[in-house]
Amino acid sequence: MSDPYASRTAVHEQTVDGFGAVRVLPLDPAADAPLLHRWVSEERAVFWGMNGLTAQQVAEVYAHMDTLDTHHAYLVLKDGEPAALLQTYEPEADRVGDCYPVEPGDIGVHLLIAPADAGRPRTGWTAALVGAVVAYVLLGLDRQRVVVDPDVANEKAVARFLRQGFTAGPEVVLPEIDLPDVYLPEKKARLAFLTREAAFGG
């Protein structure tokens, strides 16, 4: 079977011991929309904020993001199979920048992990994947600190980031965004931070 992602140049490639080959590819809004629509429509993805959207609407959201210089979306592959949706953004160009003192070298990250196959345990799977994403944004993009803003009610995500070495920041309220191309409801978030020094040493 041919590789449907072969034509895309990876922005990051990494082999994680005991896990596999991780590749981070630029998202193709049209081609990836059916897959992403399946992911974001699941109950487990309710905090992603796209429950109820059609595949066409999902494609439009990411087509709009593709026009921005400050927000980017990627498909993360593990051994050639889609494993996560990654979004990066400049905090000063995002509503999170209203909620904490942004420092030079900060980068914001949203990460949606692909659903697990029924009956296949994935012990350590998410930690390995998050580790590869952290390597891309801190080392590959030469940034000093990652900021994440999971919903306070998304206790699993908050706990996962803390286990990964992130430091808990304040609980904040991200303001509603109501623009012609983007609508985001108000969100209570728990900020968390990971510095390059903490992740990889001095």
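## About the model

The model is predicted, so keep its ground rules in mind: local features need pLDDT of at least 70, side-chain atom pairs count only at pLDDT 80 or more, and totals for chains, interfaces and linings use all residues. Residues are numbered from 1 along each chain as its sequence is written, and side-chain values use heavy atoms, with hydrogens and water left out.

Let's start with α4, residues 155-163. Helices here are DSSP runs (H or I, at least four residues) and strands are too (E, at least two), numbered from the N terminus. Ala157, Val158 and Phe161 of α4 are buried, meaning under 20% relative accessible area, while exposed is over 50% (1.4 Å probe, protein chains only). Down the axis of α4, the buried residues fall within an arc of 100°, so they line one face of the helix. That arc is taken from the directions from the helix axis to the C-beta atoms.

The buried residues pack against β6 (145-148) and β10 (187-195), with contact meaning heavy atoms within 4.5 Å. Just after α4, Gly165 has a positive phi of about 105°.

## Where α1 meets α2

The axes of α1 (residues 29-40) and α2 (residues 55-65) come within 8 Å and cross at roughly 120°. Axes are lines fitted to C-alpha atoms, for helices over the stretch in contact, and angles run from 0 to 180 degrees between N-to-C directions. The contact involves Pro29, Ala33, Leu36, His37 and Val40 of α1, plus Ala55, Val58, Ala59, Tyr62 and Ala63 of α2.
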